[in-house]
Amino acid sequence: MSEESKTKTSNIEEREITKANGGAALFGIILGLFVSVGLIIAGATLVERKGAIGGITIVFALVLMTVLCIMFAGLKVIHPNEAAVYTFFGKYYGTIKNAGFYYINPFAVCYNPSASSAFNELATAFTKPALTDKTESGVGTSPSASISKKISTKTNTLNNRKQKVNDALGNPVIIGAAVIWKIVNPTKAVFNVENYNKFLSTQCDAIIRNNARLYPYDVMDENSDEKTLRGSAVEIAESMKAELQEKVVEAGIEIKDVKITDLAYSDEIAAAMLQKQQARAIVAARQDIVEGAVGMVKMAIDQLNEEEVVVLDEERKAAMVSNLLVVLCGSKEAQPVINSSSIY
């Protein structure tokens, strides 16, 4: 395809198709069929008296009946939150986005290459050897039963598969996301991309992978302002949403939201990283315990000195501090030992 033809295809402007009321058109077609049947009967009667006129009447009635039968193809039903894009002999004809019963040019064809791709995939599945489980093989349903060339404008959810990627520090992580999207321009969706579902899924995979490489899963310093996949998931998801919207706007898709649904270290390093996190938690807990224990020891010594309960020299203070810190900082409950003799 030349550059000029590509430009023309991507610059197609969506326009509402010229249509008539489907109910009135159906009534007119049925009425015309009754008239054509009546003309055939009348023509058969006239053949006996006026052969030529009767023959012409029958031919006219048959032609009219044929035209009316062809006109049935112009009756279209559009359900709520659906759209249909039509072509007329290979050229863009128009789009219907409002729900209702309409009559359009009977030679206009609903165009949706994504539906054709889905039909081919389903047909291929039917040609494969039958499986014992009918739910897996699709046995029992017609290939065309669930395939429609109309485009759904409902809000959809793409549950992106989990991917294994390396974060900014080179650690393998498992990440997945859910994308909430809808089609806002059906014309672009069918003319600018071959299959908008696959297009969106591929772009989502690439953007999640690229964004995950820019940030570490976590940082060692809790006071650091650096963005991480674990701590800044909301901000990173917003960045993914903006980047994904830029990629899929050509396909007439609007990205409503992106959420990171799965985030974890890969299996091969998950155990090591868990031990690392546990060690950090233990160190942080010990720091708090030591700070509290020192404060309690200082408070005890100061209170003993102020109330003059007992006068301790520096050596006895050191021993008391040591014993208190052992009791307060120990990971197990201390066993008391009663000293029945003098402390000197």
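Start by selecting Lys76 and Tyr102: in strand β5, Tyr102 is the bridge partner of Lys76. Strands here, like helices, are DSSP runs (E, at least two residues, for strands; H or I, at least four, for helices), numbered from the N terminus.

Before going on, a word about what is on your screen. This is a predicted model, in which local features need pLDDT of at least 70, side-chain atom pairs count only at pLDDT 80 or more, and totals for chains, interfaces and linings use all residues. Residues are numbered from 1 along each chain as its sequence is written, and side-chain values use heavy atoms, with hydrogens and water left out.

**Stop 1: the sheet around β5**

Now colour β2 and β5 (residues 100–103). Four bridges join these two antiparallel strands; two strands pair if DSSP finds at least two bridges between them. Strands of a sheet pair through backbone hydrogen bonds, either parallel or antiparallel.

Which strands make up this open sheet, and in what order? There are three, in the order β1-β5-β2, with antiparallel pairing. Because β1 (20–21) and β2 (75–78) stand at the edges with a single partner strand each, one side of each has no neighbour in the sheet.

**Stop 2: a salt bridge across the chain**

Next, select Lys97 and Glu14. Their side chains meet in a salt bridge, at 3.2 Å from N to O. The term stands for a side-chain nitrogen of Lys or Arg within 4 Å of a carboxyl oxygen of Asp or Glu. Side chains of opposite charge can pair when their charged atoms come close.

Are these two buried or exposed, or in between? Lys97 is partly exposed at 36% relative accessibility, and Glu14 is partly exposed at 28%. The cut-offs are under 20% relative accessible area for buried and over 50% for exposed, with partly exposed in between (1.4 Å probe, protein chains only).

How many salt bridges does the structure hold? The total is five. Another one to show is Lys19 with Glu16, whose side chains meet at 2.8 Å, N to O.

For one more, select Asp205 and Arg161, which meet at 3.6 Å, N to O. This pair links distant parts of the chain too: Asp205 is in helix α7 (residues 196–212), while Arg161 is in the loop between β8 (156–159) and β9 (163–166), 44 residues apart. Asp205 counts as buried, with 14% relative accessibility, whereas Arg161 counts as exposed, with 52%.

**Stop 3: two positive phi angles**

Most residues other than glycine have a negative phi, and most peptide bonds are trans. Select Asn81, in the loop between β2 and β3 (82–88). Its phi is near 60 degrees, a positive value in a residue that is not glycine. Asn81 is partly exposed, at 46% relative accessible area.

Then move to Phe89, in the loop between β3 and β4 (91–96). Phe89 has a positive phi of about 55 degrees, and again this is not a glycine. With a relative accessible area of 67%, Phe89 is exposed.

**Stop 4: a patch and a buried alanine**

Show Phe27, Leu31 and Val35 as a surface. Together they make a nonpolar surface patch of about 300 Å². Leu31 lies in helix α2 (residues 22–49) and is partly exposed at 45% relative accessibility. Patch residues have over 30% relative accessible area and no salt bridge; like charges are joined within 9 Å, nonpolar side chains (Val, Leu, Ile, Met, Phe, Trp, Tyr) within 5 Å. Areas come from the Shrake-Rupley method with a 1.4 Å probe, and for residues only the protein chains shown count as cover.

For contrast, select Ala251, in the loop between α8 (233–248) and β11 (253–265). Ala251 is buried, at 0% relative accessibility. Leaving out residues up to four places away in sequence, Ala251 touches Asn185, Lys188, Ala189, Val193 and Phe199; contact means heavy atoms within 4.5 Å.

**Last stop: the whole chain**

Zoom out. The chain has 10 helices and 11 strands, and buried residues make up 28% of its 344 residues.
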